[in-house]
Amino acid sequence: MNTPSLVTHTPFPTFGTSIQQDVGSAIEDLLAELPDPQQLCADQRRGIIARYTAVLEGNFIYWMTGAYLSVQSEQARAIVLDNLLEEVRDSHPRMLRIFALAAHAIPTDSDTLAIHRDLTNVRLFVGRLSGVRIVVMMAFFEGFIQKFMSYLAELAAGQGSAEFEYTDVHGVCDVAHTAGLFNALAAEMTLNPPEPGADLFEGVDLLRTLIKSIVHPGSTARM
Ligand SMILES: [Fe+2]
């Protein structure tokens, strides 16, 4: 555990605030690029839901587990563990599968292939187990997901679905998760700071590219 003096004299709170602002800006930029749902045809709506499912269903818990294995501070571990507990106990992958099923958007081979390369890049990044950077990436992800839920629900409604447990739960619970992850980030930067000059947004950039391949398949082919 940290001593009070370590926490009091940490040079990182201002740095952490700056990261939080940059994460917020990255989320807003990504949301601004979403196509107007009213302009999408049924196949485009189905594709976004299916690719989102292909990425999230089997990877979110895996990546959060990577965060758990990477962080060193007790506070960060507790916050990430609480997040994982909720994912597993309430079976969020089950919720997402039901959501996709009801929207007639179960991922196909081509949906899986469309996100394959960018998903691989995020998986390899998580495998490097860089605590602060993974927590920054997951804070970005939780923050994005929370704001993306109303959009995703609108796509599903356009598909004739009335199944919104997944989007309802994540539009609410991820508010607390995002705040918790920024608390975890502050604790981790105190105990296990990144090396000087480290690119703290490497995971965010890779994940942002992956989300773009969910929304605009083929758009990241030359990035
Ligand atoms: Fe979840």
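# Helix packing in a predicted model

User: What order do the elements of the protein chain run in, from the N terminus on?
Analyst: From the N terminus on, they run α-α-α-α-α-α-α-α-α-α-α. The count is 11 helices and 0 strands. Helices (H or I, at least four residues) and strands (E, at least two) are DSSP runs, numbered from the N terminus.

User: At what angle do H4 and H5 pack?
Analyst: Helix H4 (residues 60–70) and helix H5 (residues 74–89) pack at about 160°, with their axes 9 Å apart. Axes are lines fitted to C-alpha atoms, for helices over the stretch in contact, and angles run from 0 to 180 degrees between N-to-C directions. H4 and H5 are therefore roughly antiparallel to each other, a term for angles over 145 degrees.

User: Which residues of H4 and H5 meet?
Analyst: Phe60, Ile61, Met64, Thr65, Ala67 and Tyr68 in H4 meet Arg77, Val80, Leu81, Asn83, Leu84, Glu87 and Val88 in H5. Contact is counted when the C-beta atoms of two residues, placed from the backbone, lie within 7 Å. The residues of this contact divide into 9 nonpolar, 2 polar and 2 charged. Ala, Val, Leu, Ile, Met, Phe, Trp, Tyr, Cys and Pro count as nonpolar, Asp, Glu, Lys and Arg as charged, and the others, Gly among them, as polar.

User: And how do H9 and H11 pack?
Analyst: Helix H9 (residues 131–158) and helix H11 (residues 202–215) pack at about 35°, with their axes 7 Å apart. On the H9 side, the contact includes Phe140, Phe141 and Phe144; on the H11 side, Leu207 and Ile211 are among the residues met. By class, this contact has 9 nonpolar, 1 polar and 2 charged residues.

User: New topic. How much of the chain counts as buried?
Analyst: Of its 223 residues, 40%. Buried means that 20 or more other C-beta atoms, placed from the backbone, lie within 10 Å of the residue's own.

User: Which residues in the largest nonpolar core touch the most other members?
Analyst: Ile49, Val135, Val136, Met138, Phe140 and Leu185, out of 59 residues. H9 supplies the largest share of this core, 16 residues. Such a core is a set of buried Ala, Val, Leu, Ile, Met, Phe, Trp, Tyr and Cys residues joined through C-beta atoms within 7 Å.

User: What is Met138 in contact with?
Analyst: Leaving aside neighbours within four places in sequence, Met138 is in contact with Trp63, Met64, Ala67 and Leu181.

Notes
Residues are numbered from 1 along each chain as its sequence is written. This is a predicted model: local features need pLDDT of at least 70, side-chain atom pairs count only at pLDDT 80 or more; totals for chains, interfaces and linings use all residues. Angles under 35 degrees count as roughly parallel, over 145 as roughly antiparallel, 65 to 115 as roughly perpendicular and the rest as oblique. A residue is buried if 20 or more other C-beta atoms lie within 10 Å of its own, exposed if 12 or fewer, and partly exposed in between; C-beta atoms are placed from the backbone.
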